[in-house]
Amino acid sequence: QVQLVESGGGWVQAGGSLRLSCAASGRAISTYTWGWFRQSPGTERVFVATISRNGVTTLYGDSGQGRFTISRDNAKNTMYLQMNSLKPGDTAVYYCAATTSGLTGREVIARVEVYQYWGQGTQVTVSS
């Protein structure tokens, strides 16, 4: 039903910045809670950030707190993740996701199983 497409990944040196985008099909972005997750080879998918339907409330995982900023533009059906001061440990495939659930709390909204729709992922590589 809903399709998500990530873009903006790439190769950057430690200390650099990248901005990831997630474009949704149709006019769905205003009705869903959106999130970002990341996954390295051989590991579980890990929560990065999430944003409420109206964009007022945001939550961050420990890895991105203070360095990453999540935002959304409902008029463009697009979500963003601005990543600054990147570290080699940030290297992963980054996925955007969407759910009809409201942003009710970190312990719930940070779970992979809460999200109904996923993008294909975009590779981020940070070199030292």
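Predicted model: local features only at pLDDT ≥ 70, side-chain atom pairs only at ≥ 80, totals over all residues.

Trainee: Why is Asp-90 called buried?

Mentor: The relative accessible area of Asp-90 is 2%, and buried means under 20%; Asp-90 is therefore buried. Its place is in the loop between β8 (78–83) and β9 (92–99).

Trainee: What makes the pairing of the side chains of Asp-90 and Arg-67 a polar contact?

Mentor: The two side chains come to 2.8 Å, and the cut-off for such a pair of N or O atoms is within 3.5 Å. Beyond four places in sequence, Asp-90 touches Arg-67 as well as Arg-38, Phe-68, Val-124 and Val-126.

Trainee: How do you know that Cys-22 and Cys-96 form a disulfide?

Mentor: Their sulfur atoms are 2.1 Å apart, and the criterion is within 2.5 Å. The count by this rule is one disulfide. Cys-22 lies in strand β3 and Cys-96 in strand β9, so the link ties together parts that are 74 residues apart in sequence. With 60° about the S-S bond, the link is right-handed. Both Cys-22 and Cys-96 are buried.

Trainee: Why is Gln-39 described as partly exposed?

Mentor: Its relative accessible area is 22%. Buried requires under 20% and exposed over 50%, so Gln-39 falls in between and is partly exposed. Gln-39 is placed in strand β4, and its side chain makes a polar contact with that of Arg-45 at 3.2 Å.

Trainee: What makes Arg-45 a charge that sits over the ring of Tyr-95?

Mentor: The charged end of Arg-45 is 3.7 Å from the centre of that ring, where the distance limit is within 6 Å. Arg-45 also lies over the face of Trp-118, at 4.9 Å from the ring centre.

Trainee: Why is the pair of Tyr-32 and Tyr-117 called edge-to-face?

Mentor: The ring centres are 5.9 Å apart, and pairing requires them to lie within 6.5 Å. The planes stand at 90°, and over 60 degrees counts as edge-to-face; the pair is therefore edge-to-face. Tyr-32 is in the loop between β3 and β4 and Tyr-117 in strand β10 (residues 117–118), 85 residues apart. Both Tyr-32 and Tyr-117 are buried.

Trainee: What makes the rings of Phe-37 and Phe-47 edge-to-face?

Mentor: Their centres are 5.8 Å apart and their planes are at 70°, so this pair is edge-to-face as well. Phe-37 belongs to strand β4 and Phe-47 to strand β5. Phe-37 has 0% relative accessibility and counts as buried; Phe-47, at 9%, also counts as buried. Phe-37 and Phe-47 form one aromatic cluster with Tyr-115 and Trp-118.

Trainee: Which residues have the most contacts inside the largest nonpolar core?

Mentor: They are Leu-4, Trp-36, Leu-81, Met-83 and Tyr-94, in a core of 27 residues. Strands that each supply at least two residues of this core include β3 (18–24), β4 (33–39) and β11 (122–127). A second, separate core of seven residues includes Phe-47, Ala-110, Val-114 and Tyr-115. In soluble globular proteins, nonpolar side chains tend to be buried together.

Trainee: Which residues is Met-83 in contact with, leaving aside neighbours within four places in sequence?

Mentor: They are Gly-16, Ser-17, Leu-18, Leu-20, Arg-67, Phe-68, Tyr-94 and Val-124.

Note on methods
Residues numbered from 1 in each chain as written. Heavy atoms only, no water. Helix = DSSP H or I, 4+ residues; strand = E, 2+ residues; numbered from the N terminus. Buried < 20%, exposed > 50% of the residue type's maximum accessible area, 1.4 Å probe, protein only. Polar contact = N/O pair within 3.5 Å; in protein donor to acceptor, adjacent residues only side chain to side chain. Contact = heavy atoms within 4.5 Å. Core = buried A, V, L, I, M, F, W, Y, C linked by side-chain atoms within 4.5 Å. Phe/Tyr/Trp six-rings, centres within 6.5 Å; stacked < 30°, edge-to-face > 60°. Lys NZ or Arg CZ within 6 Å of the ring centre and 35° of its normal.
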